[in-house]
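Got your viewer open and a selection tool ready? Let's take a short walk, one stop at a time.

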Amino acid sequence: MKTSFPKNKINVLLLEGVHPRAVETLRAEGFAVDSLPNSPDRSKLLPSLADAHVLCIRSKTELTADLLAHAPKLLAIGCFCIGTNQVDLAAARTAGIPTFNSPFSNTRSVAELTLAEVVCLHRRLSHKSRQMHD
C-alpha cells in the first residue's frame with residue numbers, strides 16, 4: 001500500500017519496555033523504530049523527541065507541554081496503559097497531535113491482581129502480616 005510519506009522515514013519511539021512484539025511488528029511494516037527499556041529523564045528524552053513521529057509510552061513517562069514543544073515532528077502519541085493522564089492533552093490537542101490509549105492491554109494483569117487481593121482479604125493476610133511484624 002502506498003503512503004504519502006515513506007514508512008521508513010517515519011520514526012517510532014517506544015518507551016518503558018513496550019513489548020518486543022510491537023518493535024518486531026512495526027519494523028516488519030517498514031517503520032524506523034527505536035525502543036528504550038525505561039522512561040528516560042528529560043535530558044535523554046529531548047534528543048529522541050526531536051526526531052520522533054510516533055511516540056508510544058506506558059504510565060511513567062510524563063509528557064508536559066514543554067516536552068511536546070520539543071517534538072516538532074510528532075504525529076501521534078500512543079499510551080499503552082489504562083489512561084492518558086500522563087500526557088498534557090490540551091498541549092497535544094493545540095499541537096494537533098492525536099493521543100490514544102489501549103485500555104484493554106492490562107486487562108489480564110488487573111484481573112490477576114484483583115483475584116490475588118480477594119484471596120489476601122479472605123485470608124486476612126494484611127492483619128496477619130501486621131501481627132507478625134509487631
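**Start at a strand pair**

Pick Leu 14 first: its bridge partner is Cys 56 in β3. This is a predicted model, where local features need pLDDT of at least 70, side-chain atom pairs count only at pLDDT 80 or more, and totals for chains, interfaces and linings use all residues. Residues are numbered from 1 along each chain as its sequence is written, and side-chain values use heavy atoms, with hydrogens and water left out.

Now select residues 11-14 and 54-57. These are β1 and β3, parallel strands joined by 3 bridges. (Strands are DSSP runs of E, at least two residues, and helices are runs of H or I, at least four, numbered from the N terminus; two strands pair if DSSP finds at least two bridges between them.)

**Widen to the sheet**

Show the 5 strands of the open sheet, in the order β2-β1-β3-β4-β5 with parallel pairing. β2 (32-35) and β5 (99-101) are the edges; each has a single partner strand, so one side of each lacks a neighbour in the sheet.

**Step into the cores**

(Touching, or contact, means heavy atoms within 4.5 Å.) Ile 57 is among the residues with the most contacts inside the largest nonpolar core, which has 19 residues. A core here is a set of buried Ala, Val, Leu, Ile, Met, Phe, Trp, Tyr and Cys residues joined through side-chain atoms within 4.5 Å, and buried means under 20% relative accessible area with a 1.4 Å probe, protein chains only. Then select Val 12, Leu 14, Val 23 and Val 54, which belong to a second, separate core of 8 residues.

**Last stop**

Terms used. Buried means under 20% relative accessible area, exposed over 50%, partly exposed in between (1.4 Å probe, protein chains only).
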